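Me: Could you go through this structure with me? I'd like to start with the overall picture and then move to details.

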Amino acid sequence: MNKRDFPKIHFYDQDFVDIYDKTWNWLSDYWIDPATGDKSADGLFVYPVLDQGQTQFVLNQAEAIFASFFLVYSNRNFPANKDIDYLYARQEENGAIRWRYDTKTNLPMTDSSNPEGVGLPLFAWAEYNLYHKSANKRRIKEVVPILQRYMEWIDRTFKQPNGLYSVPYQFSTMFNAPRKGCFFPVDFNSCMAINASYMSALGDILNDKDLSFKYKKMYFSLKTRINGLMWDSDTGFYYDLDKDEHKLPQKTIAGFWPLLAELPNADRADVLISHLSNPATFGTDHPFPTLSKDSPDYKDYGDAFCGSVFPSFNFMVIKGLEKYQRYAFARECAIRHLYYILEALSPLNSNEKGDLFEAYLPEKEGPAICKAVPEFPRRKFMHYIGLSTIALMIENVIGLNISLPKKTVDWVIPNLEIMGIEKLSLKRNLITILSNKSSRGWEIQMESEKLYYFTINILDQKKKTLPIPSGKCSMLIDKL
């Protein structure tokens with residue numbers, strides 16, 4: 001499978017580097033040919049599920065979308081769009097794409113909790129990210145008609161007269177969250193706003209003004225309704241609504257999706273973000289629990305979505321913090337989260353078997369527990385773990401933000417440390433960016449095969465954009 005090397009990272013804590021390297025190695029176990037069950041580089045990225053003694057290879061919409069955000073850094077060893085393209089190929093005549101499929105039979109898997117099989121509507125967000133890591137404009141042209149039909153299906157099937165969407169809250173995989181009576185889920189409606197925003201951005205990429213305007217209008221319409229109906233100024237939080245548009249009492253991790261959708265204004269965002277450091281609500285030692293600590297249903301042992309910490313939701317919250325320029329706090333949370341993942345991988349208690357897990361305890365080290373589901377949390381559930389050990393590691397801990405179409409690399413450095421990335425493939429351009437302390441002071445060393453533009457932001461005090469020529473070069477931070 002190693003057609004070419006994965007990018008190497010440098011960081012002062014070698015444990016972070018080790019888990020990053022191991023993640024790439026472990027990923028190869030989950031690329032499987034569904035027809036044979038054998039490992040295959042040309043297979044799908046699926047997790048085997050044992051059901052009544054039979055192994056099923058289930059492809060889940062949420063997992064496919066989230067996984068694309070770290071697979072883009074594999075230097076094309078793993079195709080980031082493979083699972084997403086599988087879902088597009090299953091699109092029905094009415095535009096529907098279901099939330100999960102048995103890849104042996106290629107049939108959708110629906111159940112009574114979600115009869116229409118609606119999933120996380122975030123394909124446009126994933127496609128926008130894929131575009132900026134691959135610069136493949138032709139792909140955008142090909143997928144936009146698929147995404148439009150998908151959005152139209154959701155509109156026809158789930159949109160209510162008040163302009164909000166009603167779907168079962170289980171669409172987000174939060175199967176046992178205390179959301180009884182939820183008719184208008186805050187996360188689904190926020191995801192629709194996110195998707196509309198990125199559909200508009202895809203229209204801009206294609207220079208299609210009608211497409212861009214149509215989805216911009218949809219975004220602002222949803223923004224107005226979510227802010228008007230779901231925000232509670234007394235508690236500073238976004239809530240699910242019941243059928244009569246009354247707010248439900250529970251504060252769940254779903255209430256932070258509006259950050260990623262950029263729905264709250266600056267004042268509301270400040271109040272909402274303060275919950276993430278409030279020990280009475282979401283400011284647990286291991287950020288961030290799926291249910292607020294002041295909820296009567298909160299469990300310190302996690303109990304799945306009653307307090308567990310999931311890498312996928314942490315990724316969502318941290319990307320939401322970035323939208324409001326909270327880079328230092330986002331980085332601090334990412335580092336704390338990674339330390340807890342490392343603790344569970346190498347527990348101090350020698351009687352416990354360490355591993356990577358789907359979900360973690362919110363207040364101490366170790367995997368979460370769900371007494372009703374013995375197989376929870378899944379071990380080496382790489383579709384979500386890679387978000388932390390690869391995507392957050394590159395984007396938030398090291399602090400790199402890369403756009404191929406713009407030929408830009410932005411580096412936010414909140415602390416001067418020895419860190420960076422080596423031999424990251426930007427299409428047909430391998431780049432290396434490292435910060436080191438030399439006898440001349442702190443120095444950024446760079447190597448590239450082609451010109452690109454480098455923006456460096458150090459400690460929020462120095463910010464500069466420079467064209468980086470091909471070959472090797474370096475700059476002294478003191479001279480910026």
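Reply: What follows goes from the overall fold to the salt bridges, a sheet, the core and a single residue.

Me: What should I know about the model and the numbering before we start?

Reply: This is a predicted model, in which local features need pLDDT of at least 70 and side-chain atom pairs count only at pLDDT 80 or more, while totals for chains, interfaces and linings use all residues. Residues are numbered from 1 along each chain as its sequence is written, and side-chain values use heavy atoms, with hydrogens and water left out.

Me: OK, how many helices and strands does the protein chain have?

Reply: The protein chain has 12 helices and 18 strands, where helices (H or I, at least four residues) and strands (E, at least two) are DSSP runs numbered from the N terminus. Its radius of gyration is 22 Å, close to the 23 Å that the globule rule gives for 480 residues, so the chain is as compact as a globular protein of that length; the radius is taken over C-alpha atoms, and the rule is 2.2 Å times the number of residues to the power 0.38.

Me: And what share of the residues is buried?

Reply: Buried residues make up 57% of the 480, with buried meaning under 20% relative accessible area, exposed over 50% and partly exposed in between (1.4 Å probe, protein chains only).

Me: Switching topic, how many salt bridges does a search of the whole structure find?

Reply: The search finds 22 salt bridges, each being a side-chain nitrogen of Lys or Arg within 4 Å of a carboxyl oxygen of Asp or Glu.

Me: Which residue does Arg-378 bridge to?

Reply: Arg-378 pairs with Glu-63, and their closest N and O atoms are 3.9 Å apart. The pair links distant parts of the chain, 315 residues apart, since Arg-378 lies in the loop between helix H11 (327-345) and helix H12 (382-398) and Glu-63 in helix H2 (residues 61-71).

Me: What about Asp-187, buried or exposed?

Reply: Asp-187 counts as buried, at 1% relative accessibility. Asp-187 forms a salt bridge with Arg-179, with the closest N and O atoms 2.8 Å apart, and Arg-179 is buried too, with a relative accessible area of 1%.

Me: Now the open sheet of 4 strands, what is its order?

Reply: The order is E11-E12-E16-E17, with mixed pairing, and two strands pair if DSSP finds at least two bridges between them. The edge strands, each pairing on one side only, are E11 (400-403) and E17 (462-468). Strand E16 (residues 452-458) runs antiparallel to E17 and is joined to it by 7 bridges, and Asn-457 stands opposite Lys-463 in E17.

Me: Which residues touch the most other members of the largest nonpolar core?

Reply: Of its 162 residues, they are Phe-256, Trp-257, Ile-433, Ile-444 and Phe-454; such a core is a set of buried Ala, Val, Leu, Ile, Met, Phe, Trp, Tyr and Cys residues joined through side-chain atoms within 4.5 Å.

Me: Last one, where does Asn-129 lie, and what does it touch?

Reply: Asn-129 lies in helix H4 (residues 123-134) and is buried, with a relative accessible area of 11%. Not counting residues up to four places away in sequence, Asn-129 touches Ser-68, Phe-69 and Val-72, contact meaning heavy atoms within 4.5 Å.
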